[in-house]
Amino acid sequence: MSTLLFKDLGTLEFPAALHLQERLVDLKQRKLAEDILLFVEHPHVYTLGRGGNALNVLSAQEVPVHRTSRGDVTYHGPGQLVVYPIIDLRSKLRKDVHRYVRNLEQCAIQTLADFGIATTRRPPYTGIWIDNRKIAAIGVAVRRCITFHGIALNVNPDLSYFQRIIPCGLFWAEVTSMQKEIGVEQSLGDVRERFLQHFAEIFDYHDIVEGAEQSGDLNVLNGLNVLNY
């Protein structure tokens, strides 16, 4: 497919965002929707994957902990740009999960480079790094060739929330943000726009359409309208 829909969901609770992803995954599996990129900020939340160690949640306190289908433990919250691609891996350009993850990482690397931040991968660990400092976490899931979950890029989050967990189970790793690295708060909208452009280029989409304005596929709009439930 050459068309990419995108939708900025604003601030949305993690369970509601997951419910929306699952609705869209179902539409994609039935070939009733275009590929779509969801952008969201979550209220404070910790997520713990099925194989994650609950002991890595040191002191959640008032922050809810939700079990999910990917990764170990991580934090989402205000000031963090979370991106959920719902795309079809059956396309010849996205024919395997490993290539998909590498491309997703490259989107973040190029986005950060636009703001003067040099980053890298650090195999065998996931995410995007500056030395021992992790600036973006990646946790993807695939259901019958359709992707969901995605990447969380630390733009301006309160990094103290990461001190209540062992992020991704890596006790030696630090967590950083664009704001910390650059020294001033960054525009979430500017970062979102750059990521969208790099995603379209790297995954070879010819048209970018805002989902809220999409009129050709009523099923996609119905999926987006689940936010009103």
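Q: Which elements each supply at least two residues of the lining of the second largest pocket?
A: In this predicted model, the elements that each supply at least two residues of that lining are α2, which covers 97-114, β7, which covers 120-122, and β8, which covers 125-130.

Q: Ok, and which of them gives the largest share of the lining of the second largest pocket?
A: The largest share comes from α2, which contributes five residues to the lining of the second largest pocket.

Q: Which strand gives the most to the lining of the largest pocket?
A: That is β9, which gives four residues to the lining of the largest pocket, while β5 (73-76), β6, β9 and β10 each supply at least two.

Q: And how do the residues of the lining of the largest pocket divide?
A: They divide into ten nonpolar, six polar and two charged residues.

Q: Switching to strands: is β10 mostly covered or mostly open?
A: Strand β10, made of residues 146-154, is mostly covered, with nine of its nine residues buried.

Q: How many bridges are there between β9 and β10?
A: Strand β9, residues 133-143, pairs with β10 over eight bridges, and the pairing is in the antiparallel sense. As a landmark in that pairing, you can look for G139, which stands opposite G150 in β10, and G139 is also one of the residues closest to the centre of the largest pocket.

Q: What sits between those two strands in the chain?
A: The strands β9 and β10 form a hairpin with two residues between them, and R144 in the turn has a positive phi of about 50°.

Q: How many bridges join β6 to β10?
A: Four bridges join strand β6, residues 80-86, to β10, and these two strands run antiparallel. To find this pairing on the model, look for V82, which stands opposite A152 in β10.

Definitions and conventions
Residues numbered from 1 in each chain as written. Predicted model: local features only at pLDDT ≥ 70, side-chain atom pairs only at ≥ 80, totals over all residues. Heavy atoms only, no water. Buried < 20%, exposed > 50% of the residue type's maximum accessible area, 1.4 Å probe, protein only. Pairing = 2+ DSSP bridges. 1 Å grid on protein atoms, 1.4 Å probe; cavity = no way out; pocket = protein on both sides within 12 Å on 5 of 7 lines; lining within 4 Å. Nonpolar A, V, L, I, M, F, W, Y, C, P; charged D, E, K, R; others polar.
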